Each structure stands twice: as C-alpha cells, then as structure tokens.
Amino acid sequence: MSNLAVLPIILPLVSAITLIFFNSKVNISRKLTQIFSVISLLVSCYIVWKVFTDGTIILETGAWVAPYGIILVMDSLASLLILTTNLVATVCAFYAPHAGLEKKESYYFYPFFFFLITGVSGAFITGDLFNLFVFFEVLLMASYGLIVLGGGKVQLRESLKYLLINLFSSMLFVTAIAFLYAVVGTVNMAQIGERVQEVEQQGILTTIGILLFFVFATKAALFPLYYWLPKSYIVPNPVISALFGALLTKVGIYSILRVFSLIFVYKLELTHELFIWVAGLSMVFGIIGALSTNNIKLIIAYNIIPAIGFILLGIGTFTIDGISGSIYYLIHDMIIKSVLFLLVGVIVYVAGTSDLRKMGGLIHYYPVLGWLLFISAFVLAGIPPFSGFIGKLLLLKGAFASGHIAIVIIGLLTSLLILYSIMKIFIYGFWGDKQMLGNLEKKSTKGLIAPVAFLLTFSVLLGVGAEFVYPHIDSIAAYILDPQIYIDSVLKE
Amino acid sequence: MYKPNDLVLRTTTSLIAFILLGFAIYLLLAGHNSPGGGFVGGLLTSGAILLMYMAYGMEVVKKIIPINFTLLIPIGLSFAVGTGLGSFIFNVPFLSQTFGYFHLPIFGEIELATAMIFDIGVYFTVVGVMMTIILTIANDQ
Amino acid sequence: MEIITSILAGILFATAIYNLLQKQLLRIVIGTALLSHGAHIFILTMGKLKTGQPPILTDGVSDYTDPLPQALILTSIVISFGVTSLLLVLAYRTTKENNTDNMEQLRGKSNE
C-alpha cells in the first residue's frame with residue numbers, strides 16, 4: 001500500500017478545483033498554474049525514482065484487495081509516461097500566458113487544462129479496464145471543454161465532429177467491456193490476463209480484442225480512423241493543440257500497448273500481423289496528408305498519424321527491440337509533437353497567417369525560431385544523434401527481425417518524407433527575401449521561445465543520452481513482454 | 001399581452017417541490033448503505049428547482065434561491081476530493097472509509113460514515129452541473 | 001430472458017446507427033442517446049439476468065445478483081448523461097453560429 005501512486009491523479013485534480021475559484025483573476029490563475037505544474041513535475045520525478053529503485057507501486061483504493069477493488073498500478077512504463085506528461089504540461093503552463101489566449105483564459109481554460117492532465121495520468125496508471133474507460137471520458141470531457149473554448153463558426157463545427165466520433169467509440173468501448181465481462185467475469189486487467197489463459201473459445205476473445213483495437217485506434221487516429229483528427233486539432237489555440245497532439249492520441253496507443261501485451265496475446269499471427277499492416281498504411285496515408293497541404297498547422301497535425309503508425313509497428317512486431325522502440329518513440333513523440341505545435345503557434349503568430357504560400361524571409365527577423373524549427377525537424381525525422389533516430393532504429397530492427405522487409409522500406413521512406421514535410425515549412429517560411437511578407441512588424445516573442453527551447457533540450461538529451469536511457473527502456477520492454485510479472489505483482493501470488 | 005394560465009402548475013409545484021426536496025435529502029442521507037446516494041439526490045433536487053423555475057419564472061426563483069449554481073461544482077468537488085485527501089493524513093489507502101456511532105441531541109443514536117461526506121460532495125456537484133446546463137440553454141433566448 | 005434483452009439492445013443499436021447517419025443534427029444527438037442506452041442494456045444482459053434478486057447483500061438474503069454490472073452501468077449512465085447534455089449545448093450553439101443544422105452544409109471547405 002502506498003498512496004504515492006494516486007498523487008499524479010490527485011494533484012492535478014486539486015489544482016483544477018482550486019483554479020475554478022480563481023477563475024476571474026487571470027494573473028493569479030497563471031501563477032498558480034505554473035506553481036502547481038512544477039510541483040506535479042517534481043512529484044512525478046520522485047515517483048519515477050521510487051519505481052525504478054523499489055519496483056511497481058500498487059494502490060488498492062479503499063483497502064479493497066485486488067481483484068475486487070479499484071487498483072492503481074504505477075509500474076515503470078506508467079511512471080515514465082506520467083513524467084513526460086507532466087513535463088509537457090509544465091512547458092505548456094509557461095507558454096500559455098503568452099499564447100494569445102486572452103479572453104479564453106477566463107472561460108475556465110486552466111481548470112480544464114488540469115482536468116485533462118488528471119484524465120491522462122489516470123489512464124496511464126489504472127489497473128482496471130473499466131476505469132480506463134472512465135479516465136478516457138475524464139480526459140475527453142476536458143478536451144471537449146478546451147476545443148470549444150471561445151469558439152467561432154469553424155471551431156464549433158469541427159469540435160462537434162470530434163465529440164461525435166469520440167462519443168461513438170466510447171460507447172463501443174463500453175460494449176467491448178461488457179463482452180469481456182461476460183467471457184471472463186472480471187474487469188481487473190491482471191485478472192483478465194490470468195483468466196484468458198483458461199478460456200477455451202479463443203475465437204470470441206479475438207473478436208473482443210479486435211473491437212477494443214477499433215476503439216483505441218479511433219482514439220489514437222490510426223488508418224483508416226484518422227479522418228477526424230487533422231482538422232479538429234488545428235482549430236483551437238496552439239497550446240491546446242500541443243496538449244492534444246502530445247497526449248490524447250498517445251493515451252490511445254498506450255492502451256493498445258497495455259491491452260495487447262497483457263490480455264490478447266494468444267492470437268499473435270492475426271492481431272499483431274494486422275497491427276503491422278495498419279501501421280504501414282497509417283504511415284503512408286498520414287505522410288501523404290502532410291505533403292498535400294500548405295497550411296503549416298495541418299502539416300504538423302498530419303504528422304501525428306505516421307508517428308502513431310511507427311509506435312504501432314513496434315507493438316505489432318512484438319519483439320523486445322520492437323517494444324522498446326515503441327516505448328522510446330512514444331516518449332520521444334510526446335515531447336517533439338508538443339514542441340512542433342508550440343513552434344508553429346509562434347510562427348503563425350509572428351507571420352499572421354498559417355498559409356505557407358504567403359510566408360517567407362522569417363529568418364531575418366526571427367533567427368532563433370528558425371533554427372529551433374530546423375532542429376525539431378531533424379529530431380522528428382530521426383536524424384542521428386537525435387531521439388527519433390534511436391526509436392526508429394529499434395523499431396525497424398524489430399520489424400527486420402520478424403521478417404517484414406516491406407514495412408522497413410515504407411518506414412524509411414516515410415521518415416524521409418517527414419523530414420521533407422517539416423523542411424518545407426523551413427524553406428518556404430524562413431528562407432527567401434526580407435520583403436516577402438511586406439512591411440512586417442517585428443512582434444515580441446518574449447516568453448514563447450524559452451519554454452519550447454527548454455522542452456527541445458529534453459528531446460535532444462533523450463537522443464544524445466541514449467546510452468543512459470536505453471537500458472531502462474529495454475528493461476521495461478522485457479517487463480511488458482512477460483505479462484506474468486504484472487499479473488503477479490497486482491494479484492500478489 | 002399573453003398571460004399563461006398556470007394556476008394548476010403553481011399550486012401543485014408548491015406542494016410537489018417540497019416533497020421532492022425532502023425525498024432528495026432522504027436519498028442523500030441513506031445513500032451510503034442502502035439505495036440512494038448523492039447522484040440521485042442531486043438530480044431530484046435540481047428537478048425540484050427546475051419545476052420552480054417553470055412555475056414561477058426566472059426572477060422570482062433567483063430571489064428565493066440566491067445561489068450561484070456554477071460555484072456549487074467546485075465546492076462539491078472539493079468535498080469529494082477532500083474525503084480522499086483524508087487518507088493521506090491518516091495514512092490509510094486512498095478512498096478508505098470508516099464509520100462510527102454518535103449520540104446527537106434530538107436524533108439520538110446515529111451512524112455517521114465518511115462515505116456520506118463524499119456523497120454530499122457528489123450531491124452539490126450534480127446540482128451545480130444540472131442547473132448550470134439547464135440555465136445555460138434556457139437563458140439563451 | 002437474456003436473448004430478449006440482447007435483441008432489444010440490438011434494435012437500440014440499429015436505430016442509433018440509423019439516426020447517427022442522418023443529416024439533421026438533432027437526430028444525431030438522439031442517435032447517440034439511443035446508442036448509450038443500447039450499451040447499458042447490453043452490460044446488464046452480460047451480467048446475467050435474475051428475476052427478483054436485488055444486487056444487495058444484507059442479513060437474510062441468500063440470492064443476489066452480481067452488483068458489478070450495475071455499478072458499471074451507473075458510472076456509464078452518469079458519463080453519457082454528461083456527454084449528451086454537452087453535445088446538446090454544442091449542437092445548439094453550432095446551429096446558431098452556422099445557421100444550419102444540416103451536416104452536409106457543416107462539412108466545411110477544403111481550404112480554410
């Protein structure tokens with residue numbers, strides 16, 4: 001028993017409630033948000049240290065022993081993801097006051113922000129399939145609140161579609177849980193993992209597995225279920241886009257990783273083979289979307305889809321290299337996607353347009369911004385020694401070992417095109433004549449660049465310090481591949 | 001000017017609203033170990049307030065119940081989260097509950113549980129959310 | 001009994017999908033509400049239906065229904081209640097802002 005495991009849920013929740021009371025006082029809200037997010041970050045650092053030295057922390061709420069009560073499982077994977085989440089959140093908290101939210105801040109922006117973190121953290125640490133649904137709903141509710149914030153015509157229209165598609169997949173989630181409950185008689189993930197070994201009819205389990213995959217794929221925006229993502233992610237403010245791009249789809253792919261390494265592991269030749277092809281198609285279609293547009297926000301939004309594809313590829317290969325590549329890429333992508341969304345937010349702010357054709361010559365005015373984008377493009381595409389490279393290397397190694405040469409080629413080509421799609425922003429937006437934007441007033445980027453640069457350092461460190469990080473990721477992958485460890489630590493047998 | 005004939009609604013409301021409110025409080029207090037609870041209680045209460053709105057109109061009810069319903073949401077949430085935070089002080093698993101028997105004047109021997117504080121929190125939150133949603137749509141005309 | 005409720009859940013799902021595919025916004029909202037009802041009835045069915053046995057264990061009660069599905073349904077009802085009311089408000093605001101409740105016209109243009 002240790003209440004430490006619940007802190008990543010409770011701290012943001014308490015912060016959110018406190019901030020509702022201070023809603024009308026914007027200055028106090030900003031300061032409080034920054035203080036609270038830093039506290040959460042420090043606590044999650046401590047938790048990671050604790051988990052890596054003492055092992056998984058299990059909390060049986062209300063002293064109801066597993067599998068009867070609500071279980072929170074803070075294992076190495078969950079704690080690392082929570083640390084990354086809090087890192088992104090802290091940076092967004094320091095970026096938000098300068099992001100031009102203006103009036104939107106007093107529409108309960110900060111409380112919704114913390115409710116979102118609550119939901120994301122909860123989804124990472126819950127040990128219960130139904131609670132996963134509940135935390136999904138918490139984070140979705142907060143995201144509905146954020147996405148409509150101060151909305152005009154287009155924003156309302158796109159949020160409506162976002163809400164509808166998520167509502168539909170949530171109801172399918174409930175149905176899938178009902179099916180699973182009928183077959184195994186429990187919703188505790190560890191106990192499900194134990195009981196599926198004894199189920200005689202594997203067919204129905206595979207069906208439920210595919211249904212759950214459909215649900216998570218919708219949330220994670222995989223091919224062919226990604227059509228809702230690009231447009232709804234570009235309508236809100238850049239801070240909100242950054243949070244969404246960094247966290248929401250990642251919760252979906254994390255759930256796939258959890259469920260398909262713990263529960264549905266008895267039909268690998270069907271489910272995981274399917275993953276590999278879905279991953280390949282996601283890469284291809286996602287990158288085609290990114291290349292097809294001149295709207296810089298859309299380019300970044302489309303780039304989420306191939307990234308999710310890469311992570312799914314690792315889960316599909318189901319080798320130790322593949323899984324560790326997935327985990328590495330998951331953490332890397334959470335950081336770099338928020339960096340890119342925030343950077344693009346700055347670019348749109350200084351250029352006054354999101355259309356690439358109307359930009360040019362920004363490097364003369366904003367050199368730091370330009371080079372930050374340049375580095376992030378390299379990080380995202382996976383040029384050594386940055387973090388994207390290590391993740392992709394492991395993923396492709398896993399795919400190569402399992403004999404999927406075609407996917408390796410697709411993955412490499414996609415990486416090149418990803419680099420091209422971001423470089424396009426750099427070339428058209430930053431190069432060129434000084435006069436291309438007309439008489440551009442130099443706007444102040446004070447307070448916008450520093451948080452992004454801070455976050456980007458972590459991304460670079462993750463790549464340069466791979467020597468130090470990799471053994472930990474590798475041990476997590478070994479742990480993920482052996483569900484018995486998880487089951488034993490929860491059910492204490 | 002058109003004046004609605006709502007004599008029947010008003011007369012029955014003055015009776016029904018109090019029955020509803022009383023039953024809501026009964027459900028709230030019974031909730032921790034028999035059917036009922038904060039959610040149903042909150043729904044019933046907001047139903048009663050809504051009935052009063054329909055019968056007497058916005059201005060009158062605002063004068064009778066001068067509460068900012070939006071503010072009820074964070075208050076209720078802090079109650080609910082507060083019971084959880086107690087577990088940090090007493091060093092027991094999160095959301096643990098306990099109960100004891102107390103002797104109160106008038107009521108006599110009575111069982112009080114910490115789960116009830118949580119229920120009260122839920123009650124306030126539900127009333128707050130319900131009334132906020134309904135008033136948002138109703139005001140916008 | 002389980003067969004009948006399963007069919008009922010199926011009918012609810014079918015009508016929900018039909019309504020979701022309509023163009024009018026209000027029908028879509030009704031569709032989502034029906035969908036959640038279908039899912040809830042389905043959970044109840046999956047927990048095995050027993051007549052005359054409450055999900056409460058007190059002294060003197062020997063037969064009781066599995067209480068877990070009921071707890072799941074309660075949670076799920078609360079959530080879908082919240083989402084549906086939010087959806088209603090959002091649909092209302094969208095209709096007002098865009099001057100149409102037809103999904104065909106709400107599709108948007110490719111370049112905005």
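**Exercise 1. At what angle do the axes of helix H12 (residues 296-317) and H13 of chain A cross, and within what distance do they come?**

Step 1. The axes of helix H12 (residues 296-317) of chain A and H13(A) cross at roughly 175° and come within 9 Å. An axis here is a line fitted to C-alpha atoms, for helices over the stretch in contact, and angles run from 0 to 180 degrees between N-to-C directions. Helices (H or I, at least four residues) and strands (E, at least two) are DSSP runs, numbered from the N terminus.

Step 2. Now name the arrangement: H12(A) and H13(A) are therefore roughly antiparallel to each other. The cut-offs are under 35 degrees for roughly parallel, over 145 for roughly antiparallel, 65 to 115 for roughly perpendicular, and oblique for the rest.

Step 3. Sort the residues where H12(A) meets H13(A): 15 are nonpolar, 5 polar and 3 charged. Ala, Val, Leu, Ile, Met, Phe, Trp, Tyr, Cys and Pro count as nonpolar, Asp, Glu, Lys and Arg as charged, and the others, Gly among them, as polar.

A quick word on the model: it is predicted, so local features need pLDDT of at least 70 and side-chain atom pairs count only at pLDDT 80 or more, while totals for chains, interfaces and linings use all residues. Residues are numbered from 1 along each chain as its sequence is written, and chains are lettered from A and ligands numbered from 1 in the order in which they are written.

**Exercise 2. Which residues have the most contacts inside the largest nonpolar core?**

Step 1. A residue is buried if 20 or more other C-beta atoms lie within 10 Å of its own, exposed if 12 or fewer, and partly exposed in between, with C-beta atoms placed from the backbone.

Step 2. The largest such core has 251 residues, and Leu139(A), Ile177(A) and Leu312(A) have the most contacts inside it. Helix H13 (residues 320-351) of chain A gives the most to this core, with 19 residues.

Step 3. Zoom in on Leu312(A). Beyond its neighbours within four places in sequence, its contacts include Leu222(A), Phe275(A) and Ser282(A). Being in contact means that the C-beta atoms, placed from the backbone, lie within 7 Å.

**Exercise 3. Is Ser282(A) buried or exposed?**

Step 1. Find Ser282(A): it sits in helix H11 (residues 268-291) of chain A.

Step 2. Count its surroundings: Ser282(A) has 29 C-beta neighbours inside 10 Å, so it counts as buried.

Step 3. Check who it touches. Not counting residues up to four places away in sequence, Ser282(A) touches Phe223(A), Ile305(A) and Leu312(A), among others.

Step 4. Compare sequence and space: Ser282(A) and Lys424(A) are 142 residues apart in sequence, and 21 Å apart in space, C-alpha to C-alpha.

**Exercise 4. Which residues are joined by a cis peptide bond?**

Step 1. The cis bond joins Phe223(A) and Pro224(A), with omega about -5°. Pro224(A) lies in the loop between helix H8 (202-220) and helix H9 (229-234) of chain A.

Step 2. Ala221(A) is in the loop between H8 and H9 too. Though not a glycine, Ala221(A) has a positive phi of about 60°. It is buried, with 26 other C-beta atoms within 10 Å.

Step 3. Phe318(A), also not a glycine, has a positive phi of about 55°. Phe318(A) lies in the loop between H12 and H13 of chain A, and it is buried, with 22 other C-beta atoms within 10 Å.

**Exercise 5. How many residues do chain C and chain A give to their contact?**

Step 1. Chain C gives 27 residues and chain A gives 24.

Step 2. On chain C's side, the elements giving two or more residues are helix H2 (25-46) and helix H3 (67-98). The largest share, 15 residues, comes from H3(C).

Step 3. By class, that side of chain C has 15 nonpolar, 9 polar and 3 charged residues.

Step 4. Turn to chain B: 4 residues of chain C are in contact with 4 residues of chain B. Here chain C's side has 3 nonpolar, 1 polar and no charged residues.

Technical notes. Contact = placed C-beta atoms within 7 Å. Core = buried A, V, L, I, M, F, W, Y, C linked by C-beta atoms within 7 Å.
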